[in-house]
Amino acid sequence: MNQGTIMTSRRKVLRALSGGSAVLGLAAATAATAATEMPSSAAGGARVVTLTFLQAKPGRLAQLERFVRSNWFAMDEIAVQQGLFVSYEWLDTGSDEGPWNAIVMVTYADEKGFDGIQQRWAPIRSAHQEVRPDALGMKDLGQVLETRNLFEREPFTSKRATPSRRG
């Protein structure tokens, strides 16, 4: 999938799931870019890690983080409790400088990524009511620039490690 396809698909998902606004959980936002075809080199003992690159509006990085934690991460925590995600994290540059200044990282339990949990994610997303901690919505705080899927291969050495599924 090329870069143009990634962004076009992402926009379609954002519009379809949120009525044109960019306010939705991270996993729902990555539906179109999740690992739909597993490279043969990643098969067995791999899991998808989705990176979503965000750009906060000038001076709004802390507010964007509060928004993401109150909305995306509220849903993501339910997904972790249900075993749909392994983990989720917020990382930022601490600055308005650069082409992006925050990354949201979601680790799935296997190589299927969002495709493997999409049906079970839908009720979580539909039950969520948007929270505006600073009385501002996503469009007021920043934007999603890009989503990338990576494959983490065993042995999983991070704190998000899960037992091997190999027999």
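Reader: Which residue is the bridge partner of leucine 54 in E3?
Author: In this predicted model, leucine 54 is partnered by alanine 102 of E3. That bridge belongs to the pairing of E1 with strand E3, residues 102-108.

Reader: In which sense do E1 and E3 pair, and over how many bridges?
Author: They pair in the antiparallel sense, over six bridges.

Reader: What about E4: over how many bridges does E1 pair with it?
Author: E1 and strand E4, residues 142-153, pair over 11 bridges, again in the antiparallel sense. Within E4, glutamine 143 stands opposite glutamine 55.

Reader: Which residues lie on each side?
Author: One side carries Ala46, Val48, Thr50, Thr52, Leu54 and Ala56, while the other carries Arg47, Val49, Leu51, Phe53 and Gln55. Both faces are covered. In general, side chains in a regular strand alternate between the two faces of the sheet.

Reader: Now the whole chain, please. How many helices and strands does it have?
Author: The protein chain has six helices and four strands. Their order along the sequence is α-α-β-α-α-β-β-α-α-β.

Reader: What share of the residues is buried?
Author: Of the 167 residues, 46% count as buried. The chain exposes about 8,400 Å², with carbon and sulfur atoms supplying 51% of that area.

Reader: And what share of contacts joins residues at least 24 apart?
Author: The share is 75%, taken among contacts between residues at least 6 apart in sequence.

Notes: Residues numbered from 1 in each chain as written. Predicted model: local features only at pLDDT ≥ 70, side-chain atom pairs only at ≥ 80, totals over all residues. Heavy atoms only, no water. Helix = DSSP H or I, 4+ residues; strand = E, 2+ residues; numbered from the N terminus. Buried < 20%, exposed > 50% of the residue type's maximum accessible area, 1.4 Å probe, protein only. Contact = heavy atoms within 4.5 Å. Areas by Shrake-Rupley, 256 points an atom, 1.4 Å probe, with all protein chains shown as cover. Pairing = 2+ DSSP bridges.
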